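Let's take a friendly walk through a protein model. Have a look at the chain first, and then read on.

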Amino acid sequence: MMILPFVKPRALPCLSGVSRRLDQLNPSGVLVPKGTWVSQNRFRPISDESRPNKIGESRFRLYLPRQATPPSTSTAFAHLEEQKPDLSKDVLPLLVGTGGRWRLSDDGHALERSFRFLTFAKAWDFMTGVSLECKYLNHHPEWSNCYNKVTVRLTTHQPKGLSRMDVNLARVCDIIALRCKEVVPGPGPKPPGRQNDSEVSTEVSTKDSTELPAGTHKETPTETSTETPA
Ligand SMILES: C[C@H](O)[C@H](O)[C@H]1CNC2=NC(N)=NC(=O)C2=N1
């Protein structure tokens, strides 16, 4: 029997389409299951140095789009840019107005955002998914939940202020929210029979690269929702 050497390609062409779709859904970055090949031309991996206190291993890898981002006019952002120029480059795509849904707190020390889901069960799934990643990141959100809404504030206590851990956790929250069918405001045309045309529920196709392989990762939150939408 002939044994062929296994050579891992830099990117699989068939997956770059998936990468592009994820990029459109979430311009602040992509979170893919470990081992997935992502186009190196379009995305740059976040190094593991950002997880200095990691316990165990995350089930995901984070990638950032390589595209340039427009400048922000926020005062808190100017302050951040002055203090942490490297970090501010990664914060920009997360912020409202420059591609994301997060807001920088007035003092520039925290990222804040609310998430809304179809049901309480989906909100719970989101919190469970984020909690599991927090374990690996060794970083925790300040958050609250009321029915289908989850409010998140990300800041670092030691050293005080905004850190790369907050930025990474913000991306994790965004992508897990996407998987939990977050309800996001959007203009969109009114589909026939829909009562509320100002909101859409985002959903990642079960065929794309955020899907976990069958039979693995038993701790993944399950789709338990039987409630009717709020
Ligand atoms: C000792 C341990 O590294 C710290 O307590 C970690 C845990 N999680 C944390 N979470 C947050 N949000 N900020 C921190 O400074 C922090 N520190």
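This is a predicted model: local features need pLDDT of at least 70, side-chain atom pairs count only at pLDDT 80 or more; totals for chains, interfaces and linings use all residues.

Residues are numbered from 1 along each chain as its sequence is written.

**The sheet**
- Four strands form an open sheet in the order β4-β5-β7-β6, with antiparallel pairing; strands are DSSP runs (E, at least two residues), numbered from the N terminus, and two of them pair if DSSP finds at least two bridges between them.
- β4 (103-104) and β6 (142-146) are at the edges with a single partner strand each, so one side of each has no neighbour in the sheet.
- β4 and β5 (residues 111-116) run antiparallel and are joined by two bridges, with L104 opposite L111 in β5.

**Helix α5**
- Helices are DSSP runs too (H or I, at least four residues).
- α5 (residues 164-179) has 16 residues and spans 23 Å from first C-alpha to last, close to the 22 Å expected at 1.5 Å a residue (1.5 Å times one less than the number of residues).
- In α5, 15 of 16 residues are buried (20 or more other C-beta atoms within 10 Å of their own, with C-beta atoms placed from the backbone).
- Just after α5, K181 has a positive phi of about 60°.

How values were computed
A residue is buried if 20 or more other C-beta atoms lie within 10 Å of its own, exposed if 12 or fewer, and partly exposed in between; C-beta atoms are placed from the backbone.
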